[in-house]
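This briefing concerns a single protein chain and is arranged by topic. Please consult the sequence and the structure shown below while reading the points that follow.

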Amino acid sequence: MANFFASGETYRRAFEDQELPMLSYGLRFSDACAKEISRLGSSRIYVLVSKSLATKSDSLEKLKKTLGEKIVGIRVGIGAHTPISECLEMINEIKGLDGGIDCIITLGGGSVTDAGKLVRFALANDAFTDEEVNTLWGGHSHNPKQRKDAKLPTIPLICIPTSLSGGEYQHIAGATETVSHAKRTFEPKVNPTLTIQDPELCFLTPQWLWLSSGIRAVDHCVETLCSLMSNDKGDEEARKGLVKLVPGLLRCKHDPSDVEARHLCQLGVVEAMSAVSSGVPLGGSHAIGHQLGPLGVGHGETSCILLPAVCKYNASKGANNERQKAVADLLLKDQNVLEILKGRDLEKLDLGDILHAIIGELGMPQTLKAVNVGRDKLDKLAENSLHDIWIKTNAVPMTEKSQVMEVLEMVVD
């Protein structure tokens, strides 16, 4: 494992056409943090770390040892789907610190990353209560209380991710309202300052979370490439991401200690998020998947269940067959994928079949039954899906509940 760190730090833009975030890899996360803190000239740092990393590893201790007295506040743990009430606790803790802070470091998965993004956005706008934070969300959902003069965040944000969800490469943050439990989208317009990749740190991530969040990134790539509204940049980045993510995930499944495979996945996420940032509208897998979240299904698991089925649905309508075949051909160039499909007639396999086989090989859930969502939930699930912005940008625009039900029937049990 030590060989990964032998060549030293690579420090560059994550995306060629965007100033932020910067990307660092090749150093252990604590050393990369120390270098960035020096570059920034920061001396008052607030750290948000996932509970599992803080209690089941020495990660937090390593960070404290490296940064010492520059750390002026630490928050351990954040609830799933980033509760705004817990973010407010951090916001008001920081408000009460003499001298404030001049940097935030997040260490953990997607909920921790989202919290860091929301906290610095709220601090920039003196939003210290539920009501005040409620004026900051907007995005695709109309918020009649949204302030028109929201200030951009200025406190540097360093993200050290331990999953493959990719939120550390974009400014958008999702958080859950205290009273209504609605998931809100915040768009502070400024990406994180730096994302640090340390694949050794990711050995601590539960295997199911690593693999399922990786399929979420695969979903970004596939729905970009299969979109009838894609563009050259989106296609190029999605292809580059897909040929890293799929073999990387399969290698991680077969050898969880493969550090190079972990890093291959991390690099694939950068390209998947670059594809997303190109502005290509996504499709039914994302749209229906968004509605599975409130039923207790993780984002990555929704992609595991829905992506092959949505591909099958679109193909059955003859909507994007050429694009699907191009993705299938790309996947079939990989020896890891061919090994899974050994003994099967490749000429008869479509993209949905190939993705289903890959996800099955990873041991991820492939039905709603597997994630405890029964038939009694389908009607409401289909109805809610029709309100998602991406349901109408699916290759076959879904405007009727019966269309969504057709997909759900493929995966119910």
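Domain 1 and domain 2 together bury about 1700 Å² between them, and carbon and sulfur atoms account for 67% of that area. On the domain 1 side, the residues that lose the most area to domain 2 are Leu164, Gln197 and Pro199, which together make up 39% of what that side buries. The model is predicted, and the values below are computed from it.

**Domain arrangement**

- The protein chain is divided into two parts, with domain 1 covering residues 10-200 and domain 2 covering residues 206-410.
- The contact between them draws on 22 residues from domain 1 and 23 residues from domain 2.
- Taken over C-alpha atoms, the centres of domain 1 and domain 2 are separated by 27 Å.

**Polar features of the interface**

- One salt bridge is found across the interface of domain 1 and domain 2.
- Aspartate 17 forms a salt bridge with lysine 233, in which the closest N and O atoms are 2.8 Å apart.
- Four residue pairs are in polar contact across the interface of domain 1 and domain 2, with both residues of each pair at pLDDT 80 or more.

**Annotated C-terminal region**

- An unreviewed UniProt entry places the feature "domain: Fe-containing alcohol dehydrogenase-like C-terminal" at residues 212-409.
- Over residues 212-409 the chain is 65% helix and 0% strand.
- The end C-alpha atoms of residues 212-409 lie 22 Å apart.

**Cis peptide bond**

- Leucine 20 and proline 21 are joined by a cis peptide bond, for which omega is about 0°.
- Proline 21 is located in the loop that runs between strand S1 (10-13) and strand S2 (22-25).

**Positive phi at non-glycine residues**

- Aspartate 126 is not a glycine, yet its phi is positive, at about 50°.
- The loop between helix H5 (110-124) and helix H6 (130-133) contains aspartate 126.
- With a relative accessible area of 47%, aspartate 126 is partly exposed.
- Asparagine 372 also is not a glycine and has a positive phi, of about 65°.
- Asparagine 372 is placed in the loop between helix H14 (351-361) and helix H15 (378-385).
- Asparagine 372 is exposed, because its relative accessible area of 73% is over the 50% cut-off.

Technical notes
Residues numbered from 1 in each chain as written. Predicted model: local features only at pLDDT ≥ 70, side-chain atom pairs only at ≥ 80, totals over all residues. Heavy atoms only, no water. UniProt positions renumbered as here; feature names shortened; annotations may be inferred. Helix = DSSP H or I, 4+ residues; strand = E, 2+ residues; numbered from the N terminus. Buried < 20%, exposed > 50% of the residue type's maximum accessible area, 1.4 Å probe, protein only. Domains from an automatic or database assignment. Contact = heavy atoms within 4.5 Å. Buried area = accessible area lost by both parts, 1.4 Å probe. Salt bridge = Lys/Arg side-chain N within 4 Å of Asp/Glu carboxyl O. Polar contact = N/O pair within 3.5 Å; in protein donor to acceptor, adjacent residues only side chain to side chain.
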